[in-house]
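Subject: Structure for you to look at, with notes

Dear colleague,

Please find below the structure that I said I would pass on to you.

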Amino acid sequence: MNRRSPPPTEGEQPHFLLGSVVRNGFSAQRSSNPVPIVPSALRTALQRRHGWRRPVLVATGLAAMAAGAVVLIKIPFGPPALKYVVEKAPSPTGVLEKRLRSSDGSTVTAGAATRLRVMSAGRRGAHLRVEEGALHAHIAARPRAEWSVEAGPYKMALAGSGTDLDLTWSAGQTSLSVVLQSGSATVQGPFAHREGLRIKAGETLVARASDGFWRVGRSRPEPGEGELQARSEALALAAPAAFPSRLGPGPSDSPAAVVADGRCRGREASRSLGTQLMGVGEEPGGDPWAWVDRSGCLGYHRDPQGNRLPDFSHAGYRSGGVPLPFVPRAPSTRPIAPGNSGDDTAAIQAAIDAVSARPADASGFRGVVELGSGTFTLRGSLRLMQSGVVLRGQGGDGGGATILRAVGGARTVLLVGPDDVRTVSGQGHRVVDAYVPVGARSFELDSTEGLRVDDEIVVQRPFSQRWLSQIGMDRPGRPEARPVSWRVGAGLTFERRITAIDGKRITIDVPLVNALEREYGDSTVSKFSFPQRIARVGVERLASRADFDPRSDLGDGMFVEVNAVMNGWIREVKTENYESGLVSLEEPSKWITVEDVVYTAPQPSPPWSRAFVLGGQQNLLLRARSVGARHALGTFGRTAGPNVVLDLTGVGRSPMLTPARWTAGLLLDNVRLVDPAGEPAGEVIMRVREGSKGSGWSAANSVVWNSEAGRFSVDNPPTAQNWVFGAAGETVGNGSYDASNAPRPESLYRAQLAERLGDSSLAALSR
Amino acid sequence: LSADDDVFLARSLIEGRSEAALSAWRRFHPLVETTLRRMLGPGGDLQDLTQEVFLRFFSKVGELKKVESLRPFVMAIAIRRAQEEIKRRRVRRWFAPLLGDTIMGNTTTEMDPETREAIVHLYRVIDRLNVMDRTIYVLRYIEGLEQAQISDALGVSVSTVRRRLDRLAKRVNHMMSRDPVLAEYVGPRAASSLARAERGRSDR
């Protein structure tokens, strides 16, 4: 008899796939040390066999059913529909008001000019529509209450646990404001979040339908002693913002004018005066480089040269702390559907070009190229070369996903921004300070003639022969390892903006992440222009799979390359089968946020496979996941940070994280390198590399913060250092490992961001 | 060798040798626990149930007709006990508010979140099947048994198993397509996901 089952049908495949998921999932939790059968356990088991429970259960059940039947007989159709009355009466201040009183105890009060309709009233609540004006609603606490309010395109469901809110709707401006005093509410509307926004007591929603702007904020009482203590604890625990928030597009490319709470700002100013200890007299023992002081502010220690942990919080879209915008699709346009020609490149490019030709609106956006669900085949590359254009799909998961399938020769599939360089104008101003330390924002020049506040400048820190000699990169390493030496050249180029000029001293917006040492050559400050650089571009909610011709060099396969772009974003993008990565942020990129992206490497994964490449400056990689890549993250040589990698997970047999050739100011914050079973694996390398490519020193003035890997190999390079705080895994090297027991926040980036812009800015980091 | 060991062990158990019980426990404990876990899904403590399965096994092993079928015999007891537990949990779910307890414990935190979510949602779906259909589903797609093995374990004909599986695949497919997490598995990417999962498994 044939014992074999017939081969799986197509309909059975999902079940076998899920079966393997279950097997793998449960195999991780099987008890490795089973409890042997023991008399007590036998007794327990035997007791369970005693039959007294079943009759009790059955009797209880029957009693419950009988009780239920009685209730049903008495109230056969549930409670009656709500009744309500609408009254007009003067308010305590004398203004005439409309008041709706409902039989469940709820009241809705509206101004006389407010246009309010009761659309329906049921047993559990009523549905109201505000056509214009303001109201205050008090919804009585009642189980399974269902009250809802509609205003323009927004629909708000109110929780039945008792809700008090103020709502204002302007139909002309399409603006909505909701202040929730108690309870909670879920708001549906033209947001990126299909599931809607959930607002809790004490929070305020401001939204505008015309341009998709919205923001959720929390009104805060004045900080007292108790709050400072709580803040200190919160920082130590570093609870990220619990609530998702999005800000609409802003009118310019400058950093958002978010008002800081200022609690630590004054102290920050006093810290910059060069004192060695920046706390408020409570420096913890163990000589830590950073800690949370008693007032909840971050304290930093400077070394004798003045170097300290730099502020990384400027990384990300619009200099950090600003949620990515949601740009609505023009109502007159429809998503593009996949074609039948076997190549959709031209159709998508034509749509991009059409949107690129539109004038920008007041927010600086031209529009959205929206791709519909399905698989688009690309035989060429797409080019997004105009400011204010967003390429959006329907998501990277599920049946409605938008999938870009790249075929043909291996290449970069999506190019964003021109491949251009900034133009430096005029003669550079020489930095005259003998030593400008890491973390500094102020230094003296030989002259400030021609410089003004708000000028965009580059600070160039050269790679001189003397410095290369000092760090040992002026001569080849072992012939088989590092066959060439580093070359003398421009070195690091930091883009900054002048925020103050005082005589010959200038102050810049973002701290330097490499020291400027006069003994190794003159650093210079020059004004620059970058007319070709584009801004406000985004790629979102897509998946892409590479099925490149295996005869081509598959190592060229990359999904998106971001070149001369400022204030751009990549979010909710998934890729499969690309050897060189999901995204590469190139040197001319600035203030780019890449968030919620998943890279899945080809199988078998080649040794050079990389998930993400982080170059440019002040860029943020947030919640990225690499599956199977040999290198979870790569950087370019001479990357002039700060750049931040936050909440990265690299899964693989031995994932590596290896910055390249003097990557300055890289923060690895809550990075996890794990094997498929979730155990720490792989290695974070910040030391001189004499391996197969022999690239030399990797990272400088970089930070590992509360991260996990099989091994951390971190050295302090000559003339610089690398800090490690909270490394879970084997640690080797002479890097600046924090051995203190000082309290420190869970996430450095979040703590610095909250300190600079206020706690509300953390909402920008939520999903 | 393993089958020979099982035969030797079965004979020792039937003869009532004291050391055989401990050997049987050591050998079949993982099998029983895995079967129970896969049948019942995430949550809940299996230790008591595992003990009960072994109690039954020790009390019934004298009835074993074919000594070479020791392993299927253990598994059949585990399946039967799991079926009873499924029924018991359904009753308790009805009366949970009266009894003041929760039916499902917390799911494990050892899995990665995606796996955990998929498993929880899958068991939520197959919870809606009757006990026999659920058993057949688990044995075929999660345990990976052949149809003939399922027929032996449950004492039904192979054609019954086949017929039920045909119906089950369609029905569960439909339920999965309406589940936000499981819909991905029945979508157009299911084939590539399957291939990926297979590759991932071979990596390990």
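Buried means under 20% relative accessible area, exposed means over 50%, and partly exposed covers what is in between, with a 1.4 Å probe and protein chains only. This is a predicted model, in which local features need pLDDT of at least 70 and side-chain atom pairs count only at pLDDT 80 or more, while totals for chains, interfaces and linings use all residues. Residues are numbered from 1 along each chain as its sequence is written, chains are lettered from A and ligands numbered from 1 in the order in which they are written, and side-chain values use heavy atoms, with hydrogens and water left out.

A helix in chain A

Helices (H or I, at least four residues) and strands (E, at least two) are DSSP runs, numbered from the N terminus. Helix H6 of chain A has 12 residues, 345-356, which at 1.5 Å a residue should span 16 Å, and this agrees with its end C-alpha atoms being 16 Å apart; the expected span is 1.5 Å times one less than the number of residues. In H6(A) the buried residues are A:Thr345, A:Ile348, A:Gln349, A:Ala351, A:Ile352, A:Val355 and A:Ser356. Looking down the axis of H6(A), these buried residues fall within an arc of 155°, so they line one face of the helix; the arc is that of the directions from the helix axis to the C-beta atoms. The buried residues of H6(A) pack against several strands of chain A, including E16 (367-370) and E20 (402-408), where contact means heavy atoms within 4.5 Å.

Salt bridges

A salt bridge is a side-chain nitrogen of Lys or Arg within 4 Å of a carboxyl oxygen of Asp or Glu, and the structure holds 40 of them over all chains. A:Arg497 forms one with A:Asp454, the closest N and O atoms being 2.7 Å apart. A:Arg497 lies in strand E26 (residues 489-502) of chain A and A:Asp454 in the loop between strands E24 (442-444) and E25 (456-463), so the pair ties together parts that are 43 residues apart in sequence. A:Arg497 counts as partly exposed at 21% relative accessibility, and A:Asp454 is partly exposed as well, with 47%.

A:Glu540 and A:Arg571 also meet through their side chains in a salt bridge (2.8 Å, N to O). This pair links distant parts of the chain, with A:Glu540 in strand E31 (residues 538-548) and A:Arg571 in strand E33 (residues 565-576), 31 residues apart. A:Glu540 is buried, with a relative accessible area of 1%, and A:Arg571 counts as buried at 3%.

Chain B

Chain B has 11 helices and zero strands, and of its 204 residues 50% count as buried. Helix H7 of chain B, residues 131-142, is mostly covered, as 11 of its 12 residues are buried. Among them is B:Arg134, which has 2% relative accessibility and forms a salt bridge with B:Asp127 (2.4 Å, N to O); B:Asp127 counts as partly exposed at 23%. Just after H7(B), B:Gly144 takes a positive phi of about 75°. Elsewhere in chain B, a network of salt bridges links B:Glu52, B:Arg56, B:Arg81, B:Glu84, B:Glu85, B:Arg88 and B:Arg89.

With best wishes
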